[in-house]
Amino acid sequence: MRTPPRTAPRTRTLASLLLLAPLVTACGGQGEGTDGARTVTVTVGYQSKTINTVTAGTLLRSLGYFEQELAARGERDGVTYKVDWQDYATGAPITAQMTAGKIDIGSMGDFPLLINAARGKELKQPTHLVSVTGYNLRGGLNTIVTAPDSKLESLADLRGKKVSTSVGSAADGTLVRALQRAGIDPDKGIQKLNQQPSVGASALQAGSVDALSQFVAWPGQLAFEGRAKALYDGAELKLATFHGVTVREKFAHQRAGVLDDFLRAQQKATSYLRDQPVAAAESVAKATGLPAEVVYLYNGADGIATFDPALRPELIDALKQDVPVLTAAKLVGGVDVDAFVDPEPLRRISAAAGPAYPAATGARSRLWLKGADRTTAYDSPRELLRAVRAAGGQVRAGYVPDAVTGTPWFADKAVWVAEGAELRAFVTPAGAAAYVAAHSGGGARTVTYEEALGLAGSPA
């Protein structure tokens, strides 16, 4: 699998960007075009394949909300605003471009955000975290997977094995922490290969690595396509992980009004995603080439991610706990998280933002039928399985939450446990085995998906 090329060419050459720089510097704190410049280009870096950033990237771009906000601003101040959307595979090149003054606003995961903060300070191009896109309070956005026919059943089996990850990413952080909890030295206990997600996915398929630790949406995509199975659910760490929006400090000061426009547009995109999750999943799938069913697993109703721009205390605390991991890997010398986080821009627009987003309900099963523009929620995995039986060949995807971590997974890829009349789903074999061991007295046992369908019985 190859990482797709950037979807949008630069709208300006380096020379023209350098010519524009003095004009931007002269425009003042609010960026209202007082320097007489007639055209201003805002450069946004995003990751189309990292689908928990869609409200600040792929989906936002397709909806045109940012351009609409800027058009209204342009009518007021007599300036033509243009948006240069730049698509990258990871957060690292976005940070490189931001610290070079070539990208104004970027979105990336929590670990890359910390590197963004560190590099910005080192290179005298400070940046600030101004909003969140998607998050999971337990860490379920990252997963370790193995080949479908792998004999590996738990983290303990990774000792001495080759594991692919992207060093400096949240997925690498999950791998490090998970190995430490399993009593395995993350540096010496495994053979770690630092690879781009697409390279690691290909290596897993080729058998040149034993496992792959990656962030959304790679684990779900590989599992959905039958090219991997989950070995470790990041939600077992019970430590929040998220994606967010970072902005160059100079740009935020010089174009504060434009930053406000971006955040208002992000909020509109967030509301669209929450109100129309199937349409949003289809839109993102069309733009990225990812299966819509995979996009929905993460971004849909009751999905793995919750979308809310708020800078929640739990997320900021998790960010602080990430710093020692990056420091130990010698990727940063240290980060002042409190100085990096800037809640003021969100505060500025909060009065007009309306009520806060409702908390995610979670822990519900969902069924997506072919041709349907919405999914149906069920209170238990058993009810979901009954609906699957009734729907026959009309099922597009079924989703069930892990009985312990709550992480949603594809029903036909989950590990099922039968216990009396109850049917429970688990993301990993290890999770199911641990439950069975703790409930063997009640007759708990693992069953196949087909057996679980049979045990669910006919629709009520």
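**Cavities, cores and salt bridges in a predicted model**

The largest cavity is lined by 14 residues, and Thr174, Arg177, Leu239, Ala240 and Thr241 are the ones that lie nearest its centre. A cavity here is a set of points, on a 1 Å grid over the protein atoms alone, where a 1.4 Å probe fits but cannot get out, and a lining residue has an atom within 4 Å of a point. Grid points are joined across faces, edges and corners, and a volume is the space filled by probe spheres set on the points. The largest cavity holds about 80 Å³ of space, and the count by this rule comes to 3 cavities of 30 Å³ or more. Helix H5 (110-122) and helix H6 (170-181) each supply at least two residues of the lining, with H6 giving the largest share, 4 residues.

The model is predicted, and local features need pLDDT of at least 70, side-chain atom pairs count only at pLDDT 80 or more, while totals for chains, interfaces and linings use all residues. Residues are numbered from 1 along each chain as its sequence is written, and side-chain values use heavy atoms, with hydrogens and water left out.

Now to the chain as a whole. It has 18 helices and 18 strands; helices (H or I, at least four residues) and strands (E, at least two) are DSSP runs, numbered from the N terminus. Of the 460 residues in the protein chain, 57% are buried. Buried means under 20% relative accessible area, exposed means over 50%, and partly exposed lies in between, with a 1.4 Å probe and protein chains only. The protein chain exposes about 18400 Å², of which carbon and sulfur atoms supply 52%; accessible areas come from the Shrake-Rupley method with a 1.4 Å probe, and for residues only the protein chains shown count as cover. Among contacts (heavy atoms within 4.5 Å) with a separation of 6 or more, residues 24 or more positions apart account for 76%.

What lies inside? The largest nonpolar core has 91 residues, and Ile51, Phe66, Leu129 and Phe262 touch the most other members. Such a core is a set of buried Ala, Val, Leu, Ile, Met, Phe, Trp, Tyr and Cys residues joined through side-chain atoms within 4.5 Å. Apart from neighbours within four places in sequence, Phe262 is in contact with Val44, Ala56, Leu60, Phe66, Ile105 and Val245. A second, separate core of 18 residues includes Leu367, Leu385, Val400 and Ala452.

Side chains of opposite charge can pair when their charged atoms come close. The structure holds 19 salt bridges, each a side-chain nitrogen of Lys or Arg within 4 Å of a carboxyl oxygen of Asp or Glu. In one of them, the side chains of Arg73 and Asp261 meet at 2.5 Å, N to O. This pair links distant parts of the chain, with Arg73 in helix H3 (residues 65-77) and Asp261 in helix H10, 188 residues apart. Both Arg73 and Asp261 are buried, and for Asp261 this is because its relative accessibility is 1%. Leaving aside neighbours within four places in sequence, Asp261 is in contact with Phe66, Glu69, Leu70 and Arg73. A network of salt bridges links Glu69, Arg73, Asp261, Arg264 and Lys268.

Arg348 is partly exposed at 37% relative accessible area, whereas Asp260 counts as buried at 9%. A further salt bridge joins Arg364 and Asp302 (3.2 Å, N to O). Arg364 lies in the loop between H15 and strand S12 (365-369) and Asp302 in the loop between helix H12 (292-299) and strand S11 (306-307), so the pair ties together parts 62 residues apart in sequence. Arg364 is partly exposed at 30%, and Asp302 is buried at 16%.

Two further helices complete the tour. H12 is mostly covered, with 8 of its 8 residues buried. In helix H7 (residues 197-206), Pro197, Ser198, Gly200, Ala201, Ala203 and Leu204 are buried. The buried residues of H7 pack against strand S5 (142-146), strand S6 (162-165), strand S8 (211-215) and helix H8 (218-224). Gly207 follows H7 and has a positive phi, near 85°.

Conventions:
On a 1 Å grid over the protein atoms alone, a cavity is a set of points where a 1.4 Å probe fits but cannot get out, and a pocket is an open set with protein on both sides within 12 Å along at least five of seven lines; lining residues have an atom within 4 Å of a point.
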